[in-house]
Amino acid sequence: MNADDLLNDFIEKEKQIKVNPYFTLQVMRKIEQPIERMKISWQIALVAFSVVVVVFLGIGLGSLYVADNKDYAALNINDSQIENFQLYSVSNHE
Amino acid sequence: MDEREIINAIIKGDTSIFRLLIDQYQPLVFNTLMGFVHNKEDAEDLSQEVFISVYNSLRGFKAESQFSTWIYRVTVNMAINFVHRQHRRNILHKYLSLWQAQIDKPTEDKNPEEQMLKSEREFLIQKAIDSLSDKQRSIFILSRYDELSQKDIASVMHISEGAVEQHLQRAKQNLQKKLVHLVGK
């Protein structure tokens, strides 16, 4: 047996191998699948966009809040005078 | 329906008719890819990629050459890209898979030692074919696996018939050199 015969035998053996009988179906499914994939991608994009909108809305609403700037007078109450009820009397402080 | 009509119908949106082209060209594509990858699963996966690529590029097919020539070109390019990717990935893994593919092949031989020797021989033949340059390998496979004429091969490879003849001769010489030690085993 020479090298050519070895090669021929090897090649003939590989040529005997056939593709699986569902090959055409598998390819057609992959070709038709991108259309479904595109629909799902749009849905995901829509959800992501909604989340972003909600986040910015929240930030926007939050930035509308204005802190109350009223000045409150602080009562400095000395502990030693804690039982001095006159300090709590409104008429005394007016 | 002739080929041109089928292609026009697919371009116009009749996707389902593409199966006619798949059924017609699938043996040719698969055979060619087996010559490059020597593995049924890889050849099937690549065949699917070839047809998906062909489907997506149908609008670009200008009918300057035959449709079969165009499909061969797509197949050879895809095979070479795959082989280069595999080579970069992991050389050891590639040869282990080749070896495993040989061992997993069903066989009529009942003698395990004979089977082992046969597997080793086939492994070395694969390795010899894979060691050819891209051009030599492509031309060798188109000639021996697909039995294309030199004129058709020249058309697929965009080279002259003389260049095809030259590459084929060199491929045969290189393979002879690599396989000479197997003769007589």
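How many salt bridges are counted between chain A and chain B?

## Basis of the model

This is a predicted model, in which local features need pLDDT of at least 70 and side-chain atom pairs count only at pLDDT 80 or more, while totals for chains, interfaces and linings use all residues. Side-chain values use heavy atoms, with hydrogens and water left out, residues are numbered from 1 along each chain as its sequence is written, and chains are lettered from A and ligands numbered from 1 in the order in which they are written.

## Salt bridges between the chains

The count between chain A and chain B is two salt bridges, a salt bridge being a side-chain nitrogen of Lys or Arg within 4 Å of a carboxyl oxygen of Asp or Glu; over all chains, the structure holds five. A:K13 pairs with B:E122 at 2.8 Å, N to O, and because A:K13 lies in helix α1 of chain A and B:E122 in helix α6 (residues 112–130) of chain B, the pair joins two chains. A:K15 and B:E147 also meet through their side chains in a salt bridge, at 2.5 Å, N to O.

## Extent and make-up of the interface

Chain A contributes 24 residues to the contact and chain B 36 residues, where contact means heavy atoms within 4.5 Å. About 2,900 Å² is buried between chain A and chain B, with carbon and sulfur atoms giving 66%; buried area is the accessible area (1.4 Å probe) that two parts lose on being put together, summed over both.

By class, the side of chain A that touches chain B has twelve nonpolar, five polar and seven charged residues, with Ala, Val, Leu, Ile, Met, Phe, Trp, Tyr, Cys and Pro counted as nonpolar, Asp, Glu, Lys and Arg as charged, and the others, Gly among them, as polar.

## Helix α2 of chain A

A:V51 is found in helix α2 of chain A, helices being DSSP runs (H or I, at least four residues) numbered from the N terminus.
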